[in-house]
Structure formats: structure tokens, C-alpha cells
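Subject: Structure handover

Hi,

Here is the structure I promised to pass on. Have a look at it first, and then read my notes below.

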Amino acid sequence: MVCNFSFVKILLFGVFFLSVIEFNGQTQEQLIEGFYNGTNAQEKIYFGKKFLSKAKSEEDTSGVYTGYSLLSSIYEHKDCILYADSLIDLTKNRSSFHYPAMAYIHKANYYTNKFDFTRTIDNIILAKAYGEKHGNENIISECNALLGMAKIKLGDPEAAIELFRQNLYKSRNDTTTVLGTALYLSDIYNLASGYNEIQVIDSAKYYNSLGRKIAKKEGDQFTIRYFNLNASFTEFYDKNLDVAKDSLLSLLPFLKKENDRLNIMESYYYLGKIYSLQ
């Protein structure tokens, strides 16, 4: 039920928004924009490979790292792990503020999407160690979020809630930037999800409402939909079955468009429970 829906994309964009260099008539900025605007894995791979190829030809080490990181973030693609491992091999003996931690985070996300939460945790541990070594609070927060998700799936929601609280305590004090606000919203969402898991309805409703209020203020319809999804699960636990059903049915087209396998499965799971109770 937990989906860290906005952090990685915004973090990557913030890290890799590089100097403007022409790549066959396209700047790095334009290639990264093309990557993130891609509507499917094939489009993203096209822009990612173009970025990586030119970076290699220009002997641009930073650009090569960026290219591998972009390609390893396409979790639905079979070569995701190969690109992540290439980035790890390049950077593990010269670790920096971002690498190889981001590569391990990509691997953790990949295994999360495969429902292999043991491997998710293995990679989170490695990513968090590098984040702590280099004092990268964003990496540490992302690791806490992913670890919390895995803990929920492995039946330990109380441990997940504690991790989400730690993140929220930090992120609530830094909402002056796009990245800061995205982190804050993601942490609110995850905490609301955790409260759903232990059926503390009032707390879940409070954080869902808070998240929607902030997202609405930011004009962020994407994030509002995710809070609506989370609120659907809360309504189920509050025994408002028709409200939950209508909301889930209305959100499924959005989730399918986003190829959000985890939340698609969760939605059908709850719809099945609702139909069995009515």
C-alpha cells in the first residue's frame, strides 16, 4: 500500500540537471526532459542510451554515471539490474555523495516491484551505508521509506511507522524547495499508509487530509490522486465500503496508465474484499 511516488524522479532530476552541453543538437537538459517525459520504457531507454552513448564518446565521467543511473531507474525493464551493477562497479571504490548509493536504491526499487522484499532490504542496507558515509540525508530518507515499505510487506508495520515518522520529522522543516515539498508529501503519504496497516483510522485520515491539502496548494494533481488512493483504503477500514469501491474504481485507469503494479494489485485486492462483503 505504500508507494514512494515522487521522490526518486525529483531527486534524480535535481542531481542530474547538468550544465548545458549539445548532444547531437540536444542539450543534456533536453535529453533528461525527454527521458522523464517518455510515456513508456522504450522511449525512456532511447533517451537514456543516447545520453550514455554521447557521454562515453565525450569521456564525460559524470555524464556516464548519470546515463547509467537513468537507465537503471527503469524498473520494468529487464536490463535495469545490469545498468545498476555497471554503475556500482564504476563507483564502489570511489564512492561519492550520490554513488553508488543511487544504484543500490534503483536495485531496491526493482526488487520491490518484483515483490522480492528480502533483496529489497539487502540493497537498502548498502545504499544507506553509503548515504551515511557521505552525509546524504536525501539518500538516507529514501532508504528509510523503501525499508518501511518492505517492513509492511513482511508484516512489521510498527517498525515501518517509526521509519516514516523519522523521515517526516526531518522533511517537515524543509518545504521551501520543490524537492523538499516532494519529500514531505511522500513522507506524509507513507505515514498515512502505515496507519492504514494497523487500522488507526483517525491518524490515517488526518495525514491523508494533510497531504491532499498541501498537494492541492502546489497544484499537484498526480500526488492528489495517490492520496485519494490511500484514502480509499482508509475508507475500507472505516467500513465505508461504497465510498471505497467508487474511489478505487475511479483511480484504476490512472494507476494502469502509470503502470503502478503494486497499487493496481492492492486496489484489486481491496475491491475483491469489498465485493465479498456486500
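A term to start with: two residues are in contact when they have heavy atoms within 4.5 Å of each other. Leaving aside neighbours within four places in sequence, Asp 220 is in contact with Leu 185 and Ala 215.

Before going on, some housekeeping. This is a predicted model, where local features need pLDDT of at least 70 and side-chain atom pairs count only at pLDDT 80 or more, while totals for chains, interfaces and linings use all residues. Residues are numbered from 1 along each chain as its sequence is written, and side-chain values use heavy atoms, with hydrogens and water left out.

Back to Asp 220, which sits in the loop between α11 (201-218) and α12. Helices here are DSSP runs (H or I, at least four residues), numbered from the N terminus. Asp 220 counts as partly exposed because its relative accessibility is 23%; the scale is buried under 20% relative accessible area, exposed over 50% and partly exposed in between, with a 1.4 Å probe and protein chains only. Asp 220 is 113 residues from Lys 107 in sequence, and their C-alpha atoms are 28 Å apart in space.

Next, α12 itself. Phe 227 is in helix α12, and Phe 227 is buried, with a relative accessible area of 0%. From Phe 227 to Leu 185 is 42 residues along the chain, with 9.5 Å between the C-alpha atoms.

How do α12 and α13 pack? Helix α12 (residues 221-237) and helix α13 (residues 241-257) have their axes 8 Å apart, at an angle of about 145°. Axes are lines fitted to C-alpha atoms, for helices over the stretch in contact, and the angles run from 0 to 180 degrees between N-to-C directions. On the α12 side the contact includes Phe 222, Tyr 226 and Phe 233, and on the α13 side Leu 248, Leu 251 and Phe 254 are among the residues involved. By class, this contact has 12 nonpolar, 3 polar and 2 charged residues. Here Ala, Val, Leu, Ile, Met, Phe, Trp, Tyr, Cys and Pro count as nonpolar, Asp, Glu, Lys and Arg as charged, and the others, Gly among them, as polar.

Lys 239 is in the loop between α12 and α13. Lys 239 is exposed, at 69% relative accessible area, and has a positive phi near 70°. Glu 59, in the loop between α3 (41-57) and α4 (61-72), also deserves a look: its phi is positive, about 55°, although Glu 59 is not a glycine. Glu 59 is exposed too, with a relative accessible area of 71%. There is also a cis peptide bond between Tyr 99 and Pro 100, with omega about 0°. Pro 100 is in the loop between α5 (80-91) and α6 (101-113). For context, most residues other than glycine have a negative phi, and most peptide bonds are trans.

Which helix gives the largest share of the lining of the second largest pocket? That is α10, with 4 residues. Helices α8 (137-153), α9 (157-171) and α10 (178-197) each supply at least two lining residues. By class, the lining has 2 nonpolar, 5 polar and 4 charged residues. One of the lining residues is Ser 141, in helix α8. Ser 141 is buried, at 10% relative accessible area, and beyond its neighbours within four places in sequence, Ser 141 is in contact with Asn 167 and Lys 170. As for the term, a pocket is an open set of points on a 1 Å grid over the protein atoms alone, where a 1.4 Å probe fits, with protein on both sides within 12 Å along at least five of seven lines; lining residues have an atom within 4 Å of a point.

Cheers
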